Amino acid sequence: MAMHGMRGLSVFISDIRNCQNKEQERLRVDKELGNVRTRFKNEKGLTPYEKKKYVWKMLYIFMLGYDVDFGHMEAVSLISAPKYPEKQVGYIVTSSLLNENHDFLRLAINTVRNDIIGRNETFQCLALTMVGNIGGREFAESLAPDVQKLLLSSSCRPLVRKKAALCLLRLFRKNPDVVNVDGWADRMAQLLDERDLGVLTSSMSLLVALVSNNHEAYWTCLPKCVKILERLARNQDVPQEYTYYGIPSPWLQVKTMRALQYFPTIEDPNTRRTLFEVLQRILMGTDVVKNVNKNNASHAVLFEALALVMHLDAEKEMMSQCVALLGKFIAVREPNIRYLGLENMTRMLMVTDVQEIIKRHQAQIITSLKDPDISIRRRALDLLYGMCDVTNAKDIVEELLQYMSSADFAMREELSLKAAILAEKFAPDLSWYVDVVLQLIDKAGDFISDDIWFRVVQFVTNNDDLQPYAAAKVKEYLDKPAVHETMVKVSAYILGEYSHLLARRPGCSPKEIFSTLHEKLPTVSTTTIPILLSAYAKILMHTQPPDQELQNQIWAIFNKYESCIDAEIQQRAVEYFVLSRKGASLMDILAEMPKFPERQSSLIKKAEDAEVDAAEQSAIKLRAQLQTSNALVVTDQRPANGAPPPVPVGQLSLVKVPSMVSTEDHNSTNQALSQENGTLIKVGSQAPSADLLGDLLGPLAIEGPPGATVQSEHNAVSGLEGGPDAVDGSAIVPVEGPTNTVQPIGNIAERFHALCLKDSGVLYEDPYIQIGIKAEWRAHHGRLVLFLGNKNTAPLISVQAVILPPAHLKMELSLVPDTIPPRAQVQCPLEVVNLRPSRDVAVLDFSYKFGTNMVNVKLRLHAVLNKFLQPIPVSAEEFFPQWRSLSGPPLKLQEVVCIPPVLHVFFLVGGRRREI
């Protein structure tokens, strides 16, 4: 960016630097902006040199943080200049001042295209750089074919081609339709044979984006990626300029391993063996050195390799080696390496049979809780929370309680929540759980949510044996001089209900317990006083025979609060005072609280909602959603004679289905239920289109006849037993109960029939939701993805999807989130294993609620017999003997078709039609 000879620009920069304060700088900038604005008004009188100088000044002012709301047209016009200095200024300033949605950019599209298709490589690089930075959807539609030609051209220099790859990556992100999947798989594989590492690195960035969108089309790229990794690991044919501190192109290694994580598995044994040899070399060859830059590069490669090892479900020996390596990293002095070691060890928890190995490093992980860096302490807390089970729960929870006193305030709420959850999930007995939660309240009362002490009350109320113990413990805490208000709430409730169980213990008479509680009354807020008043009334009720002195004290308190400004306190005081005068009938009115109904822990639900996964978009989590989950399906209990029994509503159970890749189930039921299933893809805030799912899914959307609606037909879910007519029958099964007020759009039966012949399309659509489906079939395995698209600006709630499989199918559906946000898409993978031939069809029982409308439909899935058929090549020598051995119809049928003697073929030659 040479600016030699621009004396005016140099003087302006010098003036800015010499300003004594911000006010002087602002005045000088305003003066210069006024001068530039005046000169631009007479643009015809400006020479190219002057225009270039003033545009440079605008860019400098913009970089200082000031708004530049004029001169954009002048900057864009410089792009069409014939000389390099002016064109360079135009491209740089336009890229800096304008964004992809600016109207002026449309004026430059033709000029940019001319530079891209021109023969001047310098101009090509300028144009590609600008499009790669600020190119939007219009640029993608206009320039993508030309950029693709540059990338694939063998006559272009590597400098231009690698810029073209990055430019195409930007355009693909703005509009994925610019890259045709069918035509690009072979081209992408061709690009991976490139020897220039610059072009290869840029192409790998493009491949990562392509396979993250649709990996099925790029299977041919997988072995080539492994060859690239092998070449780099062996340091073969790697130029010196791409070797960073002795590491061959670490950027390319990281991107290649990230691309491999988007493929579900590696089926070829030779390719898999080669890849594991490369990964073994990386694991064995990485160590901590003093050079920070080399550490950063080598560990970037190492941690990506660890992620790939987890993705590929490597052998236990390699997994153990990975954990041992991470255990060494969490003990080093470098904080960045410790952080990454803890984070990756947390990810390793999702791998089967590794948790026991991780437990060996428990002492070092606990030491990390005292690290000066709060981010390391958070990762250590996450790891301890994830590795906790019945065997080590007591040790971990006790360490967390000890750490609570010295923990940062920023961590105490999360720390207390996780300690309470671990105590509840892995408590050896309920008394230990009560001890832990009371200690939490005592040490960090300000950070204890109501859900925690509510849960303690539920356990104490529902367990008679626990009530005396809990009452005695809270009495001990109340005897302390300083007690947190949350402890007062818990103690008031428990002592009010169960203090009579302690009446024979010394110091636990009703009068003494009342005195202990009442001492805390002046220190609490108005939200706690109602609980205390209830406790007083309960104590008074349980005092037998009645104590007149205690009764007068409590009545005096009730009288005091009868005129309280707080309505809740006033009402309780008045009512308790009146009730306490009713004598024996008080026992019935203030009877002991009934047991709480059993329900899911609100603590665990809160933790799931608040959990933040730093690698949420990583390929590891994507694969966890696609391949390992427990499906909520109806257990099929078909009688021996094959007659389908009626399916009762309550016959739901968890069924583990084998994965398509591995026969081992890698997730426990709890993990599957707690993991996030379904990927949310937010859609921009455009106006609602006629086909929302078409915008979301691209080629998957298949529109039915506009405005056509069908009612639910009363056909049985018998599949294809009736021949073609059965296929043409209803794809929607009647729902018991009230009829849906929301009617589907398009003919559902036609959609199902189309899907029986295709692998992707729309399964169901109504005014609120569109359900698309995409499938892949291999032998007796099938992988389907349901795309649930919310078409409205309000969320869909109470979303449920349950698979009703026939006996011959094993089906596994990822759990669907309860809510689909506005204009968002959820992807729910579904795996199918066909056990034997049958014409029965699986059914998707889908329901959701929008506003007051509750919609419930049962849709047949196209996992039909023909999807699992495979062609078998037969030679003529094998076919004709078997054909001749058949007796005749219906086993043997032959038809002769006459072909016309003359076949007219027309083609164009030089614009004229020729016939042969």
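In this predicted model, the side chains of K418 and D382 meet in a salt bridge, with N and O 2.4 Å apart. K418 lies in helix 22 (residues 409-425) and D382 in helix 20 (residues 374-387), so the pair ties together parts that are 36 residues apart in sequence. Both K418 and D382 are buried. The two residues also belong to a network, in which salt bridges with shared partners join R378, R379, D382, E414 and K418.

The count of salt bridges comes to 43. One of them links E100 to R170, and the closest N and O atoms are 3.0 Å apart. E100 sits in the loop between helix 5 (84-97) and helix 6 (109-117), whereas R170 sits in helix 9 (residues 158-174), so this pair ties together parts 70 residues apart in sequence. E100 is partly exposed, at 26% relative accessibility. R170 is buried, with a relative accessible area of 18%, because the cut-off for buried is under 20%.

D759 forms a salt bridge with K867, at 3.3 Å between the closest N and O atoms. D759 lies in the loop between helix 37 (748-757) and strand 7 (760-765). K867 lies in the loop between strand 14 (853-860) and helix 38 (876-885). The pair therefore ties together parts that are 108 residues apart in sequence. D759 is partly exposed at 35% relative accessibility, while K867 is buried at 8%.

Helix packing was also examined. Helix 11 (residues 197-213) and helix 12 (residues 221-233) pack at about 140°, with axes 13 Å apart. That angle makes helix 11 oblique to helix 12. The crossing is left-handed. L197, L200, M204 and L207 in helix 11 meet C221, C225, I228, R231 and L232 in helix 12. By class, this contact has eight nonpolar residues, one charged and no polar.

Methods. Residues numbered from 1 in each chain as written. Predicted model: local features only at pLDDT ≥ 70, side-chain atom pairs only at ≥ 80, totals over all residues. Heavy atoms only, no water. Axes fitted to C-alpha atoms, helices over the stretch in contact; angles between N-to-C directions. Helix = DSSP H or I, 4+ residues; strand = E, 2+ residues; numbered from the N terminus. Parallel < 35°, antiparallel > 145°, perpendicular 65-115°, else oblique. Left-handed = near helix turned anticlockwise from the far one by under 90°. Contact = heavy atoms within 4.5 Å. Nonpolar A, V, L, I, M, F, W, Y, C, P; charged D, E, K, R; others polar. Salt bridge = Lys/Arg side-chain N within 4 Å of Asp/Glu carboxyl O. Buried < 20%, exposed > 50% of the residue type's maximum accessible area, 1.4 Å probe, protein only.
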